[in-house]
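Trainee: Please take a close look at one part of this model, a loop and what surrounds it. I would like one connected account.

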Amino acid sequence: MASDAGNRLKWPLIVAAILVLLRIVLEQLGAPDSINNLLGVAWLHFLVPFYLAYQIHSYGSARPYRALFKDLFLYTLYTRLMVLVTYWMAYLWQWQSPRFLTAGGGNVGEGIAPFQGYLVIPVRNLVVWIVMAMVIGMVLGSILLLIKGKGRGDKTVEADAS
């Protein structure tokens, strides 16, 4: 059911939004890169698949791998869109944080035209991260579903027809 996916995604997306905002604030205050990197959302792509798989298993989804794929895709898309907005802001205000600078593959620096700064580089990062996070997430989440007995909990639910 769509509302079940929304319930599963609520807290991971709230945590991701808080981390995105916190990282922006700390970067602008000049916090060390080691702190800023710890507060990135990238590490959530290793944790959230386990959370989602556990929730899917607990719910007793009829199609757990399909539910995992859908939830992971939505989570990854929404999270990476949050990050995409930070790249737009970085280009607009020419933020000098290392992740936005051209030397680090970012979109801020000399020679970056508006088309590249607002579209090409942020969308490239979005696509690359979605693909990587989906592969990692499906592998990790599937492992947990396999361990838990192919995602079947004590409850049998005929939902997830979406």
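Mentor: Contact here means heavy atoms within 4.5 Å. This is a predicted model, in which local features need pLDDT of at least 70 and side-chain atom pairs count only at pLDDT 80 or more, while totals for chains, interfaces and linings use all residues. Residues are numbered from 1 along each chain as its sequence is written, and side-chain values use heavy atoms, with hydrogens and water left out.

Start with Gly106, in the loop between α4 (64-93) and α5 (114-147); helices are DSSP runs of H or I with at least four residues, numbered from the N terminus. Gly106 has a relative accessible area of 4% and is therefore buried (buried is under 20% relative accessible area, exposed over 50%, partly exposed in between, with a 1.4 Å probe and protein chains only). Leaving aside residues up to four places away in sequence, Gly106 touches Tyr87, Arg99, Phe100, Leu101 and Ile121. From Gly106 to Ala90 the C-alpha to C-alpha distance is 9.3 Å, across 16 residues of sequence.

Two of these contacts of Gly106, Tyr87 and Phe100, belong to one aromatic cluster together with Trp93 and Trp95. Rings of Phe, Tyr and Trp (its six-membered ring) pair if their centres lie within 6.5 Å; planes under 30 degrees apart count as stacked, over 60 as edge-to-face and the rest as tilted. The whole structure has four aromatic pairs by this search. One of them is Trp93 with Trp95, stacked at 6.0 Å centre to centre with 25° between the planes. Trp95 also pairs with Phe100, and that pair is tilted because the planes stand at 55°, with the centres 5.8 Å apart. Trp95 and Phe100 are both buried, Trp95 having a relative accessible area of 12%. Trp93, at 52% relative accessibility, counts as exposed.

Terms used:
Helix = DSSP H or I, 4+ residues; strand = E, 2+ residues; numbered from the N terminus.
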